[in-house]
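Reader: I have a structure open and a few things to ask about it. Can we go through it together?

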Amino acid sequence: MKVIGLAGWNGAGKTTLLARIIPHFLKEGLSVSVIKHAHHSFDVDVPGKDSWVHRQSGAVEVLVSSGKRWALMHELRGAPEPRLPELLRKMSRVDLVVVEGFKSEPHRKIEVHRKANGKAPLFPDDPAIAGIATDATVETTLPVAHLDDIPAVAAMMEKFAISVEDVLARSVSEA
């Protein structure tokens with residue numbers, strides 16, 4: 001199992017890019033999972049449904065299962081937010097895990113940069129950024145692909161993905 005991140009400012013198009021890249025990887029025969037970091041409170045449950053009521057009542061975890069999917073919701077209830085390595089350990093084995101967000105974690109990342117955002121690129125200050133997907137002209141020695149060149153961005157992601165074991169080892173060496 002390999003891991004690669006997509007990092008960038010809010011509004012850079014990380015989710016849109018990933019929604020275009022996942023089908024590309026599937027056509028190549030790769031299985032893909034995603035870990036997405038949210039900076040705000042979010043809900044994957046519908047208020048009023050049984051699982052929502054159980055969670056609101058104080059359950060630490062609620063697992064919902066059907067013939068089509070299952071989802072596990074875990075409430076932190078004041079505990080610290082888990083770091084990426086802990087979340088990776090919870091993932092089922094796939095060929096590639098794409099991490100959206102988690103900018104400060106030590107995994108390799110492809111920066112998603114959109115000129116219209118008006119924000120400075122992240123790569124000059126983040127040594128974990130291995131390549132850039134952008135619609136701007138960028139001066140760098142890092143590989144660069146246009147945001148709309150899905151095969152090139154996907155190839156960059158595959159090239160720079162590292163094994164989950166390496167990500168876990170990096171997190172231990174940082175601790």
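Reader: Which elements each supply at least two residues of the lining of the largest pocket?

Author: They are β2 (32-36), β4 (70-74) and α3 (84-90). Helices (H or I, at least four residues) and strands (E, at least two) are DSSP runs, numbered from the N terminus. This is a predicted model, in which local features need pLDDT of at least 70 and side-chain atom pairs count only at pLDDT 80 or more, while totals for chains, interfaces and linings use all residues. Residues are numbered from 1 along each chain as its sequence is written, and side-chain values use heavy atoms, with hydrogens and water left out.

Reader: Which element gives the largest share of that lining?

Author: β4, with five residues.

Reader: How much space lies in the largest pocket?

Author: About 1,500 Å³. Of its 30 lining residues, F42, L72, M73, H74 and L87 are the closest to the centre. A pocket here is an open set of points on a 1 Å grid over the protein atoms alone, where a 1.4 Å probe fits, with protein on both sides within 12 Å along at least five of seven lines; lining residues have an atom within 4 Å of a point. The volume is the space filled by probe spheres set on the points, which are joined across faces, edges and corners.

Reader: What is the lining of the largest pocket by class?

Author: There are 15 nonpolar, seven polar and eight charged residues. Ala, Val, Leu, Ile, Met, Phe, Trp, Tyr, Cys and Pro count as nonpolar, Asp, Glu, Lys and Arg as charged, and the others, Gly among them, as polar.

Reader: And what volume does the second largest pocket have?

Author: About 340 Å³. It is lined by 18 residues, and N10, K14, K36, H37 and H39 are the closest to its centre. Its lining has four nonpolar, nine polar and five charged residues.

Reader: Changing topic: where is G118, and is it buried or exposed?

Author: G118 lies in the loop between β6 (109-113) and β7 (129-134). G118 is exposed (over 50% relative accessible area; buried is under 20%, partly exposed in between, with a 1.4 Å probe and protein chains only), at 68%. Its C-alpha atom is separated by 9.8 Å from that of A12, 106 residues apart along the chain.

Reader: What sits over the ring of W9?

Author: The charged end of K119, 5.1 Å from the ring centre. The cut-offs are NZ of Lys or CZ of Arg within 6 Å of the ring centre and within 35 degrees of the ring normal.
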